[in-house]
Amino acid sequence: MLSAEEWAIVALSARISLVAVGASFPVALGLAWVLARWRFPGKILLDALVHLPLVIPPVVTGWLLLILFGPAGPVGAWLERSFGVVLVFRWTGAALAAAVMALPLMVRAMRLSIEAVDPRLEAAARTLGAGWWRVRWTISLPLALPGMLAGLVLGFARSIGEFGATVTFASNIPNETRTLPLAIYSALQLPGGEAAVLRLSLISIALSLAALVASEWLARRHGQAHVL
Amino acid sequence: MSFDIDVRRQLGRREIAARIVTDARVVAVVGSSGAGKTSLLNMVAGLLRPDAGHVRLDGDTLFDAGGADVPPEQRRIGYVFQEHRLFPHRRVGWNLDYGARLRIAEERWITRDETVDLLGIGHLLDRWPRNLSGGEAQRVAIGRALLSAPRALLLDEPLAALDPARRDGILTVLEQIRDTLALPMIYVSHDRADVARLAGHVVEMGGGE
């Protein structure tokens, strides 16, 4: 069915998305916690900033990443100087772009599940002798777990589909940053590429559908409203 | 002096104030709803910070507006809430052991078997909290609090949600805790008959409308 080259594209996409989701998970969890539980001036602004990648054109997100993480950008120059890490035009850069684009969806799902945790149960745990971290680990997180998993799955699906920010920041380099959507776009440009487009499109549809079903199932098991 | 409590706290436009100074083993707190009885218990447990005053237990200062504020997990005060607040993602046995696991052996003064016998909950250990009746859940909640090795027990209308037959069962258990375990208790209720049966000292809280 798929050629070896096409399998390699699927594998690259999966690797980039897994790294993107894994790296953004702690960030998403922290942001979700702060947005769900803390009250502070400027919270609306933080909320808006987190959601920004959801609404601005992805190409703009990619361009902002270039400015920040590019060789001349403040973060990019520092990373290269201190750790020898270059993100631009690398698969790691594609993962960064995917992570930024997936973050809002992950934060949304996780925030909802944290808000659904009853603080009275956490208070009960404290009176029984559990400190702050133990309460999070034994009570809050397990109760929020289905929403956490739903957030991860949604983030993964969003990463798999990421195009605009990736092509702007990491470019379209075979075997490095050419993920499924980029490969489909490239195949469309070639005469006789329709069969490849069809195969790769079917794969992306199947992956996305599976992820959506999985996240809805997880959220429902928790008795939560839709995460989308 | 087992309880030496004098706290004040402004909540919105309501001022909650209470003073309990007594050697009695069981103190009943009565008063109309809105008088701040639950807030008083929360202040004793460390879940709500008083604006002023102090909380002392057997001469040990747990809170003083001047400085000391022992966090709830270090106060060793068992709290049985109006709603049982069992952890829904774990079975009864895990709920019972939650607090016991967090205390060192020297602090524990009752074993799991003794607790289970006292409360008659041996047949519930593998059940999920959502499958318990109101009376069963409240027994487990009492057991969970006892097993956390408390030096005092707070009970916030633990009978409010129960029918008369089950109320009597829990009251009997509370009498046993008072008489055989000699555990100081603050018992919040609006039922004068319960209070007469249990308490050696009654504090009336006013201020509610």
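Ser148(B) has a relative accessibility of 2% and therefore counts as buried, a term that denotes under 20% relative accessible area, with exposed meaning over 50% and partly exposed in between, for a 1.4 Å probe and protein chains only. In chain B, Ser148(B) is placed in the loop between helix H5 (134–147) and strand S7 (152–156); helices (H or I, at least four residues) and strands (E, at least two) are DSSP runs numbered from the N terminus. When neighbours within four places in sequence are set aside, Ser148(B) is in contact with Leu128(A), Gly99(B), Ala100(B) and Arg103(B), contact being defined as heavy atoms within 4.5 Å.

The model is predicted, so that local features need pLDDT of at least 70 and side-chain atom pairs count only at pLDDT 80 or more, whereas totals for chains, interfaces and linings use all residues. Residues are numbered from 1 along each chain as its sequence is written, chains are lettered from A and ligands numbered from 1 in the order in which they are written, and side-chain values use heavy atoms, with hydrogens and water left out.

The contact between the chains takes 18 residues from chain A and 22 residues from chain B. The size of an interface is often given as the accessible area lost when the parts come together. Chain A and chain B bury about 1,600 Å² between them, 68% of it on carbon and sulfur atoms; this buried area is the accessible area (1.4 Å probe) lost by two parts on being put together, summed over both. Of the area that chain A buries against chain B, 40% is supplied by Arg126(A), Thr127(A) and Leu128(A), more than by any other three residues. Two salt bridges are found across this interface, each requiring a side-chain nitrogen of Lys or Arg within 4 Å of a carboxyl oxygen of Asp or Glu. Arg126(A) forms a salt bridge with Glu73(B), in which the closest N and O atoms are 2.6 Å apart.

Chain A contains 10 helices and zero strands. Its C-alpha atoms fill a box of roughly 70 × 45 × 30 Å along the principal axes. Of the 228 residues in chain A, 46% are buried. Among contacts in chain A between residues at least 6 apart in sequence, 70% join residues at least 24 apart. Helix H9 (residues 180–189) of chain A is largely enclosed by the rest of the structure, because seven of its 10 residues are buried. The buried residues of H9(A) are Leu180(A), Pro181(A), Leu182(A), Ala183(A), Ile184(A), Ser186(A) and Ala187(A).
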